[in-house]
Amino acid sequence: MPRAYTAGDISLKPAGRSCVLASMDLLTTLAALVTALATALTAPLAGPVEHRIEQTFTVAPGSLVAIDLRGGSIDVRPGEGRTVRIVLIQRVRDASGREAERVRADARVEITQNGDVVRLFARGPSGLQRFWQPRLEMRAEAWVPPDVGLALDTAGGAVTVTGARTAAIEASTAGGRIRIDGSGGPVRASTSGGAIQVGVAGGSLHADTSGGSITIGRVDAAARDIRLRTSGGSIRVGIDPRARLAIDAATSGGRVTVEGLPLVVTRHTRSRVVARLNDGGAPLEASTSGGSIRIAAVGSTTRYAATR
């Protein structure tokens with residue numbers, strides 16, 4: 001017997017058709033969104049846009065060049081005459097020219113000279129950066145006379161100082177290696193995440209890393225106060241046999257070896273050596289928690305052995 005529809009049954013028919021149409025509209029909209037997203041993701045990205053800021057200054061012997069970079073590498077080379085040349089390279093990836101200009105406008109850059117101090121201060125855009133937004137990369141390059149001091153600090157990148165210098169060097173990075181060819185003045189180098197290489201230590205040297213090895217090509221005969229510490233790597237030190245040093249080398253995770261030096265040893269175990277070279281003098285302390293230590297004689301004519 002045929003079913004008899006009630007008024008309630010009949011009234012539901014138009015509502016059911018509306019639901020079907022609404023579902024079809026929703027699917028169409030979702031399909032359009034997926035297509036747009038796929039197009040955006042597969043579209044070719046804009047190439048990097050690079051911008052250079054450059055200034056030069058005249059300095060006297062004993063002046064200071066200070067570079068404070070919040071992310072990026074620092075590269076210092078010998079300068080000519082009494083001129084300091086500072087270059088900041090800003091690079092914006094995956095952005096149009098207009099977008100790159102907007103990102104650079106949000107950054108803070110100061111290059112100044114105040115008395116005998118030349119200073120570069122650079123920060124990226126403030127605020128939270130989304131992963132899909134164009135990002136600003138920076139690196140600093142400087143040409144500085146050898147008798148001008150250096151204070152170099154970056155929050156994330158390598159620090160390189162090329163050429164022999166006579167003035168003090170301070171180099172610090174939170175996330176990269178440090179390479180210094182050498183200086184007759186005091187050198188301080190510290191990094192939280194990389195190796196430290198110094199070609200020649202002609203004065204005092206303090207090197208400290210939490211995550212890498214330390215290599216010193218040569219401790220000069222006139223060197224004084226050498227202190228090397230790493231929490232996660234080996235230590236390699238070349239020493240001019242004419243140096244007068246009080247050596248104390250210790251490791252918690254390896255072996256200490258000394259080669260080719262006429263030492264007077266007061267303590268010698270697998271993990272520690274305490275000795276005097278040429279009746280002692282300046283301290284040379286080396287310690288590591290996670291590697292071996294090797295100390296060896298090198299010729300006095302060796303130049304920048306750690307970095308060449």
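Helices here are DSSP runs of H or I with at least four residues, strands are E runs of at least two, and both are numbered from the N terminus. Colour by secondary structure with that in mind and you get two helices and 23 strands.

A quick word on what you have open: this is a predicted model, where local features need pLDDT of at least 70, side-chain atom pairs count only at pLDDT 80 or more, and totals for chains, interfaces and linings use all residues. Residues are numbered from 1 along each chain as its sequence is written, and side-chain values use heavy atoms, with hydrogens and water left out.

Now select strand 3, residues 73–78, together with strand 7, residues 136–144: they run parallel and pair over six bridges (pairing takes at least two DSSP bridges between the strands).

Next stop, Trp143 and Arg85: the charged end of Arg85 sits over the Trp143 ring, 4.3 Å from its centre. To qualify, NZ of Lys or CZ of Arg must be within 6 Å of the ring centre and within 35 degrees of the ring normal.

The accessible area is about 15,700 Å², 54% of it from carbon and sulfur atoms (Shrake-Rupley method, 1.4 Å probe). Of the 308 residues, 38% are buried, meaning under 20% relative accessible area with a 1.4 Å probe, protein chains only.

How values were computed: Buried means under 20% relative accessible area, exposed over 50%, partly exposed in between (1.4 Å probe, protein chains only).
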